[in-house]
Amino acid sequence: MVGPRSWIGGIFSRSGNRRYGSGKFIDFSLSPLQEQRLQQLQERLHVPFDETRADHQEALRDLWFAAFPNVALKGLISEQWKDMGWQGPNPSTDFRGCGFISLENLLFFARNYPASFHRLLFKKGGKRATWEYPFAVAGINVSFMLIQMLDLYSAKPRCLPGINFVRLLGDDEEAFDVLYCIAFAMMDAQWLAMRASYMEFNVLSLSLSLSLSLSLMLDNTRYHPELLTPWFNLLMLVNGSFPFLWEVLRVTRTQLERELSLEDVNRIQDLPAYNLLYY
């Protein structure tokens with residue numbers, strides 16, 4: 001068993017053994033299996049959550065019962081959903097930004113690492129503040145972060161973390177979902193370490209959403225960069241007003257990028273922070 005403090009120390013002790021970037025990483029070719037699995041993952045990114053689809057409704061119910069197995073759900077629109085950390089009584093509205101994959105990520109977490117899932121859901125570990133981050137909304141933001149960090153909207157990742165991740169994807173088709181669980185646990189550890197608050201998390205969520213929106217808009221505005229000015233101004237206002245908040249996400253992402261760059265990581269389970277799922 002490895003706790004948050006030993007994980008944070010461990011990553012720095014291994015930080016000298018990294019795959020630092022060079023042209024050979026950027027230009028590497030995908031194997032047929034890697035290409036197939038990357039395409040399958042990218043197809044998942046483009047599936048919106050549809051509250052009228054029976055399978056999406058069933059997945060949402062499954063998430064509820066995985067979180068609260070002894071509590072009957074009154075309906076897909078209910079004040080009960082706020083107990084899981086949704087912004088309102090209808091969780092489908094929170095999925096609009098990231099789509100069905102964010103629900104799949106949460107459900108995978110609940111089914112495969114139930115102890116860790118419930119520890120984060122009920123904020124069992126560490127010294128907690130009076131106000132805590134909303135669990136479900138945090139989960140959607142973790143999905144956002146990974147998609148952006150791994151450059152998954154590109155035909156082929158162009159960044160080192162994304163390239164290294166595709167190698168792991170070739171070994172395990174569930175690598176993205178496992179990485180999601182690791183990233184969520186990492187974010188919670190950083191949250192505890194930095195003693196963030198609920199109010200600050202709301203600004204963090206807004207910053208992340210704005211950043212992702214900007215990245216998706218760049219190709220469409222390359223000839224009219226002035227269209228991005230209001231977005232950049234708003235992003236800088238949010239980040240400038242609460243620099244500590246942005247640190248929580250930035251440090252989490254930086255730690256994850258470091259772990260993906262370690263030479264002795266050949267499987268997703270080799271990441272040092274994987275141990276956080278069993279803390």
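Predicted model: local features only at pLDDT ≥ 70, side-chain atom pairs only at ≥ 80, totals over all residues.
Reader: How do you know that the span of helix α5 agrees with its number of residues?

Author: Helix α5 covers residues 100–112, which is 13 residues.

Reader: What makes α5 "mostly covered"?

Author: Of its 13 residues, 10 are buried. Among them are Phe 100, Ile 101, Leu 103, Phe 108 and Phe 109. These buried residues have several partners: they pack against α3, α4, α6, α7 and α9.

Reader: Why is α3 called roughly perpendicular to α5?

Author: Let's start with the general idea: two packed helices are described by the angle between their axes and the distance between the axes. Here the axes of α3 and α5 come within 7 Å and cross at roughly 110 degrees. Angles of 65 to 115 degrees count as roughly perpendicular, so α3 is roughly perpendicular to α5.

Reader: Which residues meet where α3 and α5 touch?

Author: From α3 come Leu 41, Arg 44 and Leu 45, and they meet Ile 101, Glu 104 and Asn 105 of α5. Sorted by class, this contact has 3 nonpolar, 1 polar and 2 charged residues.

Reader: Why is Gln 80 called buried?

Author: The cut-off for buried is under 20% relative accessible area. Gln 80 has 12%, so the residue is buried. Gln 80 sits in the loop between α4 and α5, and its contacts include Trp 64, Val 71 and Leu 73.

Reader: What makes Lys 123 count as buried?

Author: Lys 123 has 15% relative accessibility, and buried means under 20%, so Lys 123 counts as buried. This residue lies in the loop between α6 and α7. Its phi is positive, about 50 degrees, although Lys 123 is not a glycine.

Reader: And why does Asp 151 count as buried?

Author: The reasoning uses the cut-off of under 20%. Asp 151 has 14% relative accessibility, so it counts as buried. You will find Asp 151 in the loop between α7 and α8, with a positive phi near 60 degrees.

Methods:
Residues numbered from 1 in each chain as written. Heavy atoms only, no water. Helix = DSSP H or I, 4+ residues; strand = E, 2+ residues; numbered from the N terminus. Expected span 1.5 Å × (residues − 1). Buried < 20%, exposed > 50% of the residue type's maximum accessible area, 1.4 Å probe, protein only. Contact = heavy atoms within 4.5 Å. Axes fitted to C-alpha atoms, helices over the stretch in contact; angles between N-to-C directions. Parallel < 35°, antiparallel > 145°, perpendicular 65-115°, else oblique. Nonpolar A, V, L, I, M, F, W, Y, C, P; charged D, E, K, R; others polar. Lists of a residue's contacts leave out its neighbours within four places in sequence.
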